[in-house]
Amino acid sequence: MNSPDDLSPPPAAAAKAARPTGRRLALAAVALAAAGAGALFSARRLALDEPDTTGLWDRSFSAPDGSALALATLRGRPLLVNFWATWCPPCVEELPLLSSFYNENKANGWQLIGLAVDKPEPVARFLAKSPVSFPVALAGLEGVELTRALGNAAGGLPFSVLFDATGQLRDRKLGQLHARDLAAWRDRLGRS
């Protein structure tokens with residue numbers, strides 16, 4: 001009868017089995033390269049390019065009620081511009097936070113505008129169900145190009161841009177805003 005020790009492979013065979021084969025090493029290298037490429041692609045996709053604000057303050061957008069909103073009228077106080085769409089879940093999720101931020105800081109001179117990269121009908125329906133406390137205007141597809149001019153090469157949403165009281169671009173964020181982002185921006189620009 002064989003003992004349990006007789007069933008185990010000889011020490012040399014066990015050491016050989018523990019060593020990676022050429023195929024395993026090649027697969028590991030491919031996996032590592034793919035992970036690196038994915039990380040690089042993700043970082044580049046979320047990276048922001050140099051902004052071009054030329055002509056920005058000359059732009060005007062229609063509000064859902066048909067009135068016009070000229071960006072030039074918003075100069076002189078800190079301004080947060082948020083690009084969003086009704087079909088963008090993180091955009092919709094951050095709107096209540098933006099509304100609260102605006103309510104808490106408008107007495108201190110802060111302004112906030114939501115530029116909807118969307119069609120008028122869905123925006124009007126959305127705002128009827130989920131109103132916000134800050135002005136909303138319709139940027140449509142022109143909004144995507146404007147986000148790209150402001151450095152959002154991917155054209156992703158949500159995208160937020162912070163301007164100081166002089167109209168200088170101070171910060172940008174591609175992706176959903178959080179309370180800590182807004183607090184940092186408020187602290188950075190302070191009271192108007």
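Is F134 buried or exposed? Select it and see: F134 is buried, with a relative accessible area of 4%. Throughout, buried means under 20% relative accessible area, exposed over 50%, and partly exposed in between, using a 1.4 Å probe and protein chains only.

Some ground rules before moving on. This is a predicted model, where local features need pLDDT of at least 70, side-chain atom pairs count only at pLDDT 80 or more, and totals for chains, interfaces and linings use all residues. Residues are numbered from 1 along each chain as its sequence is written, and side-chain values use heavy atoms, with hydrogens and water left out.

**Aromatic pairs**

Rings of Phe, Tyr and Trp (its six-membered ring) pair if their centres lie within 6.5 Å; planes under 30 degrees apart are stacked, over 60 edge-to-face, and the rest tilted. Y102 sits in helix α4 and F134 in the loop between α5 and β5, so this pair links distant parts of the chain, 32 residues apart. (Helices are DSSP runs of H or I with at least four residues, strands are E runs of at least two, and both are numbered from the N terminus.) Y102 is buried too, at 16% relative accessible area.

Next, pick F101 and W110. Their ring centres are 5.4 Å apart and the planes stand at 80°, so this pair is edge-to-face. F101 is buried at 4%, and W110 at 3%. The count of aromatic pairs comes to five.

**The core**

Now select L80, F83, W84, L98, I113 and L115. These have the most contacts inside the largest nonpolar core, which has 45 residues. Such a core is a set of buried Ala, Val, Leu, Ile, Met, Phe, Trp, Tyr and Cys residues joined through side-chain atoms within 4.5 Å. Among the elements that each supply at least two residues are β3 (79-84), α4 (89-105), β4 (111-116) and α7 (179-189).

Zoom in on F83. Leaving out residues up to four places away in sequence, F83 touches C91, L115, V117 and L146, among others; contact means heavy atoms within 4.5 Å.

Look along the axis of α5. Its buried residues are V123, F126 and L127. On the face turned away you'll find the exposed residues R125, A128 and K129.

**The disulfide**

Select C88 and C91, whose sulfur atoms lie 2.3 Å apart in a disulfide (a pair of cysteine sulfur atoms within 2.5 Å). A search of the whole structure finds one. The torsion about the S-S bond is about 75°, so the disulfide is right-handed. Both C88 and C91 are buried.

**Salt bridges**

Last stop: the structure holds six salt bridges, each a side-chain nitrogen of Lys or Arg within 4 Å of a carboxyl oxygen of Asp or Glu. Start with R59 and E142, whose closest N and O atoms are 2.7 Å apart. R59 lies in the loop between α3 (22-46) and β1 (60-62) and E142 in helix α6, so the pair ties together parts 83 residues apart in sequence. Then go to D164 and R170, at 3.1 Å: D164 is buried at 12%, while R170 is partly exposed at 32%.
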